[in-house]
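Here's a quick briefing on a sheet and some aromatic contacts. Have a look at the model first, then read on.

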Amino acid sequence: TITATTPAGSAGAVTVTVTVNGQSGSLANGYTYVAAPVVSSVSPNSGTTAGGTAVTITGTNFAAGASVTFGGTAAGNVVVVNGTTITATTPAGSAGAVAVTVTVSGQSGSLANGFTYVVGPGVTSVSPNNGPVAGGTAVTITGTNFAAGASVTIGGTAAANVVVVNGTTITATTPAGSAGAVTVTV
């Protein structure tokens, strides 16, 4: 057994040669230099601090067995689609921009500020909080962190006439539903 440190090299397989007392033995393709991954973009590049955002990471030199971190925390459901594309699910994180890092065979590549965690919306009340199963009830939803483009579902069905009044108030019209209590989601 011989232990040695590899010299710098170019990506790809190389022959390993051992010479003892003027005699040599070689193993063709005995060692493979792996190029460091490069992360060029993340889409979407923002999501809630709760995590769970499905993202596509684009770059180069991705390979099977790659791992992905967001701000140092491991992503879930990492799938190396090919050498330039990885899909993953964001872990929970703190509000703000974080680096997205891909590691392949001990080598890493990062995109600084590649993903931005935002505080997700919170729903605190709905007024009125009941109405007919036919829908059509105008409601005011109160909460936090509402933003333009927000969607609202009531019992899993999209509400109509959704208007984000401000960061704490949304107005909407209830869809038809079944009798009973349902979840209101922003």
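Four strands make an open sheet in the order β12-β13-β17-β16, and their pairing is antiparallel. Strands here are DSSP runs of E with at least two residues, numbered from the N terminus, and two of them pair if DSSP finds at least two bridges between them. This is a predicted model, where local features need pLDDT of at least 70 and side-chain atom pairs count only at pLDDT 80 or more, while totals for chains, interfaces and linings use all residues. Residues are numbered from 1 along each chain as its sequence is written, and side-chain values use heavy atoms, with hydrogens and water left out.

- β13 (residues 138-144) and β17 (residues 169-173) pair antiparallel over five bridges.
- Ala138 has Thr173 in β17 as its bridge partner.

**The aromatics**
- A search of the whole structure turns up three aromatic pairs (ring centres within 6.5 Å, using the six-membered ring for Trp; planes under 30 degrees apart are stacked, over 60 edge-to-face, the rest tilted).
- Phe70, Phe115 and Tyr117 form one aromatic cluster.

**Burial**
- Phe70 is buried, at 2% relative accessible area (buried is under 20%, exposed over 50%, partly exposed in between, with a 1.4 Å probe and protein chains only).
- Phe115 is buried at 0%, and Tyr117 is buried too.
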